[in-house]
Amino acid sequence: MTNSKKMSFKIAIASGKGGTGKTTVSVNLSNLLNRNRYNTLLADCDVEEPNSALFFSEKQEMEPKECFQKIPEIDSEKCTFCGKCAEYCEFNAISIIKNLKYQKVHSDLCHSCGACSVVCKHGAIKEIDHPIGSIQHYRIKDDLNVVEGRLKIGSAMQTMLINQVKEFIDNKAEILVFDAPPGTSCPMVETVADADFVVLVTEPTPFGLYDLKLAVDVVKQLGVPFGVFVNKAGLGTDKMYEYLKAEEIMLLGEVPFDRNYASKYAEGKLLDTKESSMDSYYEYLVDEIKRRLN
Ligand code: SF4
Ligand code: SF4
C-alpha cells in the first residue's frame, strides 16, 4: 500500500438492503480493476460484519490498528455541578443533578465532539480513550489491498469507525472501492457521501425494488453520480427495469442468478484474484469507471 500523488478515484458499492451480493460485486470489481493495471484498494466499511478479505485465498495479514473514541470523564472533586457541560452536549450524553451532586456520562450516546471539555471552566473533564474496534489491512499483491473496519461487539460507533477507515486509506491507491454497509442509515451515508461514483447493487424482486428506490433517493440527495448493478437477474419481474428506464438510471451490468454460484458462496468457497468466469458481467461497469477516470 503506497501513497499515490494523485487523488484517489472513489467508488462506493451500496445497496438498500442486505443480501443483494454487494460484497461479491465489490470483490469482483476490485479484482478486475486490478487486472486492468489499476492500483486498487478495497475498503470494507460494513464494519459490523466485514467479510471482503474472506474472498481472497492468498493474503498477507498485517498488524491490526486499534481504534478509539474519546469519552469524557468527570472528576467529582473538581466538578461544581454547574450543568454547563450537559447544556452544551447536543447528544444528551451528560446528566448533572446539582442538588444530589450527581454526574454521569452516557458513553453510548457520546459522539466525542469535545464540546463539554471546552465549556467546562473548572478543569473537571478529561477525555479517555475507549476502544471501538480495529482496522485490519490485508496485502493481496503490491497493487491490490483490502482494508476492513471491524466494530467492537457492543459498540454503536459505526460511523466513527468508518471515518477512521477512510483516514487510514486516504489516497493510498489509484482507485478506492468502498463496500458500504447495507441500508440507507448514517453509516451508509457516511461511506458514499464523498464518493466519485456509486454503484447500487440490487436484485429484480419487489423487495429489491422497494429498497433500491430508498437508496436512489439518498444518492440523489447527496448529488453523487450513480448507476445500478443487478444481481440474480432472471429472478422476479421486469418492474425493476421499467423503473430504471422511467427514471433514466444507468444499468451498469447484470449477473444472472446461478444456483451453483449461490451455494458456492454459502459454503464459503471463494473467488480468486485470477481470471474469473464472472469477468464478462463486469466489463461495462469497468468501462464506465475508465471513462470517468479519464
Ligand atoms: S461543566 Fe464542568 S464543572 Fe460544570 S458540571 Fe460539567 S464537569 Fe462539572
Ligand atoms: S464529547 Fe460531545 S457528545 Fe460526548 S459528552 Fe461531551 S459534549 Fe456530549
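The shell around ligand 1 divides into 10 nonpolar, 3 polar and 1 charged residues. Here Ala, Val, Leu, Ile, Met, Phe, Trp, Tyr, Cys and Pro count as nonpolar, Asp, Glu, Lys and Arg as charged, and the others, Gly among them, as polar. This is a predicted model: local features need pLDDT of at least 70, side-chain atom pairs count only at pLDDT 80 or more, and totals for chains, interfaces and linings use all residues. Residues are numbered from 1 along each chain as its sequence is written, while chains are lettered from A and ligands numbered from 1 in the order in which they are written.

**Ligand shells**

- Ligand 1 has 14 residues around it, and Cys 79, Cys 82, Cys 85, Cys 120 and Ala 124 come nearest.
- A residue is near a molecule if its C-beta atom, placed from the backbone, lies within 6 Å of it.
- Ligand 2 is surrounded by 13 residues, with Cys 89, Ala 93, Cys 110, Cys 113 and Cys 116 the closest.
- The ligand 2 shell holds 10 nonpolar, 3 polar and no charged residues.

**Overall chain**

- The protein chain has 9 helices and 12 strands.
- Helices (H or I, at least four residues) and strands (E, at least two) are DSSP runs, numbered from the N terminus.
- Along the principal axes, the C-alpha atoms fill a box of roughly 70 × 40 × 40 Å.
- Of the 294 residues, 40% count as buried.
- A residue is buried if 20 or more other C-beta atoms lie within 10 Å of its own, exposed if 12 or fewer, and partly exposed in between; C-beta atoms are placed from the backbone.
- Of the contacts with a separation of 6 or more, 76% link residues 24 or more positions apart.
- Two residues are in contact if their C-beta atoms, placed from the backbone, lie within 7 Å.

- Strand 2 (residues 40–44) is largely enclosed by the rest of the structure, because 5 of its 5 residues are buried.
- Thr 40, Leu 42 and Asp 44 point one way from strand 2, and Leu 41 and Ala 43 point the other way.
- Strand 2 pairs with strand 8 (residues 144–151) in the parallel sense over 5 bridges; two strands pair if DSSP finds at least two bridges between them.
- In strand 8, Val 147 stands opposite Ala 43.
- Strand 2 also runs parallel to strand 9 (residues 175–179), joined by 5 bridges.
- Leu 176 in strand 9 stands opposite Leu 41.
- Leu 144 lies in strand 8 and is buried, with 23 other C-beta atoms within 10 Å.
- Leu 144 and Ser 30 are 114 residues apart in sequence but 8.0 Å apart in space, C-alpha to C-alpha.

**Helix 4**

- Helix 4 (residues 158–169) has 12 residues and reaches 17 Å from its first C-alpha to its last, close to the 16 Å expected.
- The expected span is 1.5 Å times one less than the number of residues.
- Buried residues of helix 4 include Met 160, Leu 161, Gln 164 and Val 165.
- Cover for the buried residues of helix 4 includes strand 2, strand 4 (65–74), strand 7 (125–141) and helix 5 (186–192).
- Just after helix 4, Asn 171 takes a positive phi of about 60 degrees.

**Nonpolar cores**

- The largest nonpolar core has 62 residues, and Ile 11, Ile 13, Ala 43, Phe 178, Val 198, Val 199 and Leu 200 have the most contacts inside it.
- Helix 6 (residues 206–222) gives the largest share of this core, 6 residues.
- Apart from this core lies another, of 12 residues, among them Ala 93, Ile 96, Cys 110 and Cys 120.
- A nonpolar core is a set of buried Ala, Val, Leu, Ile, Met, Phe, Trp, Tyr and Cys residues joined through C-beta atoms within 7 Å.

- Strand 11 (residues 226–233) is mostly covered, with 6 of its 8 residues buried.
- Lys 232, in strand 11, has a positive phi of about 55 degrees and counts as buried, with 21 C-beta neighbours inside 10 Å.
- Lys 101 has a positive phi near 50 degrees and sits in the loop between strand 5 (94–97) and strand 6 (102–105).
- With 11 C-beta neighbours inside 10 Å, Lys 101 counts as exposed.
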